Amino acid sequence: MPIQTIETKPFGDQKPGTSGLRKRTAAFMVPNYVENFVQSIFDSLDGIKGKTLVLGGDGRYFNDVAIQKIIKIAAGNGFGAVLVGQGGLLSTPAASHVIRHHKAFGGIILSASHNPGGPDGDFGIKYNVSNGGPAPEQITDAVFARTKVIDRYLTVDAPDVDLNCIGTHHSAGMVVEVIDPVADYAALMETIFDFDQIRAMFASGFRMQFDAMHAITGPYAHKILEGMLGAPVGTVINGTPLPDFGGGHPDPNLVYAKPLYDLLMGPDAPDFGAASDGDGDRNLIIGRGRFVTPSDSLAILAANAPYAPAYKAGIAGIARSMPTSAAADRVAEKLGVEMHETPTGWKFFGNLLDAGRVTICGEESAGTGSNHVREKDGLWAVLLWLNILAARKQSADAIVVDHWATYGRNYYTRHDYDEVDSGAANALMEDLRAKLPSLAGTRLEGREVAFADDFTYHDPIDGSSSAKQGVRIGFTDGSRIVVRLSGTGTVGATLRLYLERYEPPHGQHDLDTQSALASLISIADGLAGIRSRTGRDAPSVIT
C-alpha cells in the first residue's frame, strides 16, 4: 500500500517530562495529537528503516486506539516489524525485556504509570531505546524540538490488526507479531530467582496477598505467583486490567492501597502483602504488621540480593535517585561497592547499568530494579522479597528490624502537594534557590546546615550534566530536606517535600515517623513557605 503523507500543525504542549509525554486522555484524543508526537519520535531517530519496534501499554482507556495508529505510522516510516503484546498489553519492565531479548531498535510504551485512567484520566507515550531503557535527554529534547515545527506525518491506509490473535500479521507489508505479553518476562524471572525455594515456602502454608489494582501486573502475577510458584488461587486480587483501573487510582501507596495495608495490620493478616501500579514498574511492600518504605526496601534488597541465584556472586554497586534516603548508602559502604546518586528518572541509571558499575537501583517513589532490564520493575522487587523470605526463614518485620540493628534507621517521609498552581510552585522554588548561598553554616531550629544546593548531576559514563534537579539542604547530623517539582503530573504542578533523619544502630528505631521528623517539617515550611504559597494546610499524600 502506498505511504500517505498527512499535513498537520504543531501542538505547543508536547514536551516530554520525567518519563515521556503525559496529559489528560482527552488531549491525546484530539485529532493528530498522537500522530504528531509519534512522528516526531521517528523523525528524531536515525536508521529505523527495516528495524523492529516493540509496542504495548498498560491497557488504560485509549490504549487500543493509540496502538492501531502507531502501527500504521510505523509502517509509513519504514519499520520492518512491530512486536506488540496480545490485547495491546505489555508492562513497562516486560517491554524493556522484550526490546533487549529480541534485539529490537526500540519501543513505544503507552502508559501514564501510576496516574488514573479512563476518559477523564491520564494517558502517556514514552519511547525506549535499544538497551530497553527510557530515551535519554538528548533524544527527548530532539523530539520536543521536532514537535514544535512538524508539518506532516507518514502513515498507511491499512485495516486494524487483530491484537487478540497471537501470531504473525501484516500492516501494509510490515510484519506485526502479536506476542504473549507474559511469556518472555516470566522466563526471565525464573532465571533470576530460586523458584523451587519460593514454591516450597508457599507449599508450607505461607500466605500472601498481591493487589494488582486492576492494572497491567495482574496477568503477570497470576502466571508467576499462582501458576509457576503455586501460591493459592486468590492470592492475586484485582488481577484483570481494566481501562479505568476499576475506578481506582493505580498508585501502590498507603492512600490508594489502604485496604491492603489494613489487611496486613489486622488480626488475620497474611504473612506478606504487595502491590504494583498502572504499568507495573512500582511496588508496595508490607509484611505482617510492618510497612516497608521504598527507601528501606531498596537498602534491604541490596543487602540481601545474594540470596537470589542471579546475584549470588554479589553486586557491583547501588544507585539511587537523589531524593531517596541514604539507607542504601550505608549498605554500599559496608559491602565496599560503588554508590551513585542520580536525578529522579530511571533513564539516569541506564549508563551505570550498561557500564556494569551498578546492579541494584531504586527510587523513593516505590521503584526498584536491577541490571536484568533497564526499567524499574515492581514484580521483580516482590519476587526478590519472596526469595529473601524463603531463604532466611524470617518474617518481613524481623528482617527490617535486623537491618536497622545493623545499619541504623533512616526515618524518611515524602509529602506530595498535587495540582498546585504552576506559577506559585515555580515562584516557591526560585525563592528557595535564592536563599541557598546564605544557608551553609547557619543553625535552623538547633540544626547546623552543612550544605545547601540545587543538585546537579554529572554522569560518570558519558560526561553529561543535568542541572536544577532539586533543592537539597543537608545538616551536620545527617538529616536532609529536599524540595523539587515532579515531572509526572498532568495538571498544574506537583510539589514534593522529602525529609530524612538518621538514627544509628543503637538508637531509637520505633518512633512514629512523622513525629520523628516534626522539626524538619517545621524547618522546611519556614524556609519555603509551603503552606502559605500553596494554600494547603496539609499534603495531598504522605508516604
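**Figure 1. Pairing of strands β12 and β13 in the predicted model.** In this predicted model, strand β12 (residues 272-276) and strand β13 (residues 283-287) run antiparallel and are joined by 5 bridges. Within this pairing, Ala-274 has Ile-285 of β13 as its bridge partner. Helix α14 packs on the sheet, where it touches β12, β13 and β14. The direction of α14 makes about 60 degrees with that of β14.

**Figure 2. The open sheet that contains β12 and β13.** The sheet is built from 5 strands in the order β11-β10-β12-β13-β14, and its pairing is mixed. Strands β11 (236-237) and β14 form the edges, each pairing on one side only. In a regular strand, side chains alternate between the two faces of the sheet. Helix α10 (residues 294-304) lies across β13 and β14 and runs at about 80 degrees to β14.

**Figure 3. The crossing of helices α10 and α14.** A pair of packed helices is described by the angle between the axes and the distance between them. Here the axes of α10 and α14 come within 11 Å and cross at roughly 85 degrees. The two helices, α10 and α14, are therefore roughly perpendicular to each other. From α10, the contact involves Asp-296, Ala-299, Ile-300 and Ala-303. These residues meet Ile-399, Val-400, His-403, Trp-404 and Tyr-407 in α14. By class, the contact of α10 with α14 comprises 7 nonpolar, 1 polar and 1 charged residues.

**Figure 4. The second largest pocket and its lining.** The volume of the second largest pocket is about 490 Å³. Its lining consists of 22 residues, and those closest to the pocket centre are Leu-254, Tyr-261, Phe-291, Thr-293 and Thr-513. Several elements each supply at least two residues of this lining, namely α9 (258-264), β14 (290-292), α14 (396-407), β19 (409-420) and α16 (513-516). The lining of the second largest pocket divides into 10 nonpolar, 6 polar and 6 charged residues.

**Figure 5. The second largest cavity.** Rolling a probe the size of a water molecule over the atoms shows where empty space is left. A search of the whole structure finds 5 cavities of 30 Å³ or more. The second largest cavity holds about 160 Å³ of space. Of the 16 residues that line this cavity, Asn-253, Pro-294, Glu-364, Ala-366 and Thr-543 lie nearest its centre. Strands β13 and β19 each supply at least two residues of the cavity lining. By class, the lining of the second largest cavity has 7 nonpolar, 5 polar and 4 charged residues.

Figure 6. Strand β20 (residues 443-444) pairs with strand β21 (residues 447-454) in the antiparallel sense over 2 bridges. Arg-443 has Glu-448 in β21 as its bridge partner. The hairpin of β20 and β21 has 2 residues between the strands, and Glu-445 takes a positive phi near 50 degrees there. Strand β21 also pairs with strand β24 (residues 471-475), in the antiparallel sense and over 5 bridges. In this second pairing, Val-449 stands opposite Phe-475 in β24.

Note on methods. Residues are numbered from 1 along each chain as its sequence is written. This is a predicted model: local features need pLDDT of at least 70, side-chain atom pairs count only at pLDDT 80 or more; totals for chains, interfaces and linings use all residues. Side-chain values use heavy atoms; hydrogens and water are left out. On a 1 Å grid over the protein atoms alone, a cavity is a set of points where a 1.4 Å probe fits but cannot get out, and a pocket is an open set with protein on both sides within 12 Å along at least five of seven lines; lining residues have an atom within 4 Å of a point. Grid points are joined across faces, edges and corners, and a volume is the space filled by probe spheres set on the points. Helices (H or I, at least four residues) and strands (E, at least two) are DSSP runs, numbered from the N terminus. Ala, Val, Leu, Ile, Met, Phe, Trp, Tyr, Cys and Pro count as nonpolar, Asp, Glu, Lys and Arg as charged, and the others, Gly among them, as polar. Two strands pair if DSSP finds at least two bridges between them. Contact means heavy atoms within 4.5 Å. Axes are lines fitted to C-alpha atoms, for helices over the stretch in contact, and angles run from 0 to 180 degrees between N-to-C directions. Angles under 35 degrees count as roughly parallel, over 145 as roughly antiparallel, 65 to 115 as roughly perpendicular and the rest as oblique.
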